[in-house]
Amino acid sequence: MNAPRSPTLPAAPPRRVSTWLLAAAIVALVVASFASLPLQWSAFFTPDALAVTREFLAGFSPPESAPAFLRKTALAAAETLSMSAIGTLLAVAGGMALAIAGAGRLGKVQRVLARALLNVLRSIPELVWASLLLVAAGLGPFAGTLALAAHTSGVLGRLFADALENADPHPETTLLTNGAAPAAAFLYATMPQTLPQMLSYTLYRWENNIRAAAVLGVVGAGGLGQMLKFHLSLFQMQNAATVIIAMLLLVALVDAASFALRRALTR
């Protein structure tokens with residue numbers, strides 16, 4: 001009895017010249033980047049550099065554990081968490097409003113304008129938004145919250161618009177054909193398709209906003225970042241170590257909660 005013959009694989013598709021040119025350009029860009037930057041790896045690993053690094057890191061030990069300072073750190077962590085949560089909620093509302101227009105549901109002109117606005121919002125980093133809004137809103141978490149909301153609105157709006165465009169149009173068309181109002185057809189046919197994906201995007205951006213909120217405090221937007229900048233500027237390394245540990249714990253807590261919520265929503 002003859003052994004079964006292994007199926008032959010189809011021939012690989014031919015590569016276009018443009019593909020090879022693009023790959024060569026990327027390789028050349030990487031090589032040029034390393035060649036143009038004065039990366040002094042040998043100086044980084046000299047005995048003097050290692051000794052200074054060891055001395056610097058030793059200054060963080062042991063972390064400050066006074067009850068009064070721990071209470072102050074916990075309040076700053078709660079402020080950072082609140083900034084990220086409120087900023088994300090505002091971004092969901094703004095992003096959804098722009099996504100409806102960005103998905104072409106209000107006309108082609110509105111689609112182009114909404115997409116352009118989304119590009120502007122997400123192309124400006126949170127730190128730049130915070131620097132601009134600190135002038136108008138002053139120091140504190142309010143400017144940081146608005147900065148997170150502005151940048152995240154651009155990110156979520158683009159993702160929401162893509163999700164709406166990729167949704168199956170047949171359920172909504174069927175409801176419209178049977179006399180349903182456009183708003184009702186959208187809410188009962190298209191939104192249920194895209195809602196799990198939108199919730200997953202929102203939770204992922206909330207994770208990112210926790211990290212961003214901690215960094216925004218460096219420019220005066222409150223929270224753990226502002227505490228970290230203050231203590232580092234005074235070379236109070238033990239206090240700074242406690243703040244860094246609080247940042248890590250907060251990010252880990254939100255990551256775990258977000259992962260559990262995504263698992264529960266996508267089952």
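Over residues 85-106 this predicted model is 82% helix and 0% strand, with the end C-alpha atoms 30 Å apart.

**Annotated ranges**
- Residues 20-41 are 82% helix and 0% strand, and their end C-alpha atoms lie 32 Å apart.
- Across residues 77-255 the chain is 85% helix and 0% strand, and 15 Å separates the end C-alpha atoms.

**Contact of H4 with H9**
- The axes of H4 and H9 come within 9 Å and cross at roughly 145°.
- The crossing in which H4 passes H9 is right-handed.
- On the H4 side the contact is made by Thr80, Leu81, Met83, Ser84, Ala85, Thr88, Val92 and Met96.
- These meet H9 residues Phe186, Met191, Met198, Thr202, Trp206, Asn209, Ile210, Ala213 and Ala214.
- By class, the residues of this contact are twelve nonpolar, five polar and no charged.

**Nonpolar cores**
- The largest nonpolar core has 20 residues, of which Ile210, Leu224, Val243, Met247 and Leu250 touch the most other members.
- Two or more residues of this core come from each of helix H4 (67-102), helix H9 (182-216), helix H10 (223-233) and helix H11 (237-265).
- H11 gives the most to this core, with nine residues.
- Methionine 247 touches Ala214, Leu224, Gly225 and Leu228, when residues up to four places away in sequence are not counted.
- A second, separate core holds 16 residues, among them Trp129, Ala143, Ala150 and Leu216.

**Arginine 115**
- Arginine 115 sits in helix H5, which spans residues 108-123.
- Arginine 115 counts as buried because its relative accessibility is 13%, and the cut-off for buried is under 20%.
- Apart from neighbours within four places in sequence, arginine 115 is in contact with Gly102, Arg158, Ala161, Asp162 and Glu165.

Technical notes:
Residues are numbered from 1 along each chain as its sequence is written. This is a predicted model: local features need pLDDT of at least 70, side-chain atom pairs count only at pLDDT 80 or more; totals for chains, interfaces and linings use all residues. Side-chain values use heavy atoms; hydrogens and water are left out. Helices (H or I, at least four residues) and strands (E, at least two) are DSSP runs, numbered from the N terminus. A nonpolar core is a set of buried Ala, Val, Leu, Ile, Met, Phe, Trp, Tyr and Cys residues joined through side-chain atoms within 4.5 Å. Buried means under 20% relative accessible area, exposed over 50%, partly exposed in between (1.4 Å probe, protein chains only). Contact means heavy atoms within 4.5 Å. Axes are lines fitted to C-alpha atoms, for helices over the stretch in contact, and angles run from 0 to 180 degrees between N-to-C directions. A crossing is left-handed if the near helix is turned anticlockwise from the far one by less than a right angle, and right-handed if clockwise. Ala, Val, Leu, Ile, Met, Phe, Trp, Tyr, Cys and Pro count as nonpolar, Asp, Glu, Lys and Arg as charged, and the others, Gly among them, as polar.
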